[in-house]
Amino acid sequence: MNAIKSQIKPLLGDWLVLIASLIIVIFLFQSLWVREPASKLKIRLADKVIGTYDLNQTRELHIHGPKGEAIISIQQGKVRFKQSPCANQYCVHQGWLSRAGQVAICLPNQISLQLMGAKSPYDSLNY
C-alpha cells in the first residue's frame, strides 16, 4: 500500500524539458503567426485574378460572378463582402478582414478575396 501512496516527484530533467518546450512554442508562435496588417487586396473570379487593390482607400467594387453581382467594400485598411447573391451569405457574415493572409470566399459565386502584406504567409492558397 505504501508504494501506491508515494508521489512521483519531477526531476531536474523533467523541468528542463518543460521549459525548453515552452520556449520553442513561444518562438514558433512569434515567428509563424503573421499578425501584420494587410496592405493589398487580391480579388479572384474562378481561377483568374481580376484585380489587386490598395486597402488605403474607401471604395465599393461591383464584381459580376456566375450567380450575379457581389458588392465588395474597402474602407481604410479593411475589406468585406457587403452583398452577395448567394443563398447562405457565409461570405457576408465573415465580416471585416484586415490582417495579411485572411481570406473570404463566396463559393457559389466563385469570388475570393485575399489580403496580402509585406510577407506572404504560407497557406492553402499559396500551394
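Figure 1. Ile43 has Leu113 of β7 as its bridge partner. The model shown is predicted: local features require pLDDT of at least 70 and side-chain atom pairs count only at pLDDT 80 or more, whereas totals for chains, interfaces and linings use all residues. Residues are numbered from 1 along each chain as its sequence is written, and side-chain values use heavy atoms, with hydrogens and water left out. Strands β1 and β7 run antiparallel and are joined by 6 bridges; two strands are taken to pair if DSSP finds at least two bridges between them. Helices (H or I, at least four residues) and strands (E, at least two) are DSSP runs, numbered from the N terminus. Of the 6 residues of β7, 5 are buried, so this strand is largely enclosed by the rest of the structure. Buried denotes under 20% relative accessible area, exposed over 50%, and partly exposed the range in between (1.4 Å probe, protein chains only).

**Figure 2. The open antiparallel sheet β2-β1-β7-β6.** The sheet comprises 4 strands in this order, with antiparallel pairing. Strands β2 (48-54) and β6 stand at the edges with a single partner strand each, so one side of each is left without a neighbour in the sheet. Strand β1 (residues 40-45) pairs with β2 over 6 bridges, and Leu45 has Lys48 in β2 as its bridge partner.

**Figure 3. The β6-β7 hairpin.** Strands β6 and β7 pair in the antiparallel sense over 4 bridges, and Val103 has Gln114 of β7 as its bridge partner. The hairpin has 4 residues between its strands, and Gln110 in the turn has a positive phi of about 60°.

**Figure 4. The largest nonpolar core.** This core contains 21 residues, of which Leu41, Ile43, Ile72, Val79, Phe81 and Leu113 touch the most other members. At least two core residues come from each of β1, β3 (58-65), β4 (68-75), β5 (78-83), α3, β6 and β7 (111-116). A nonpolar core is a set of buried Ala, Val, Leu, Ile, Met, Phe, Trp, Tyr and Cys residues joined through side-chain atoms within 4.5 Å.

**Figure 5. Surroundings of Arg99.** Arg99 is found in the loop between α3 (90-93) and β6 (103-106). Because its relative accessibility is 35%, Arg99 counts as partly exposed. Beyond its neighbours within four places in sequence, Arg99 is in contact with Arg35, Glu36, Pro37, Ala38 and Leu115, where contact means heavy atoms within 4.5 Å. The C-alpha atoms of Arg99 and Ser39 are separated by 8.6 Å, although the two residues are 60 residues apart along the chain.
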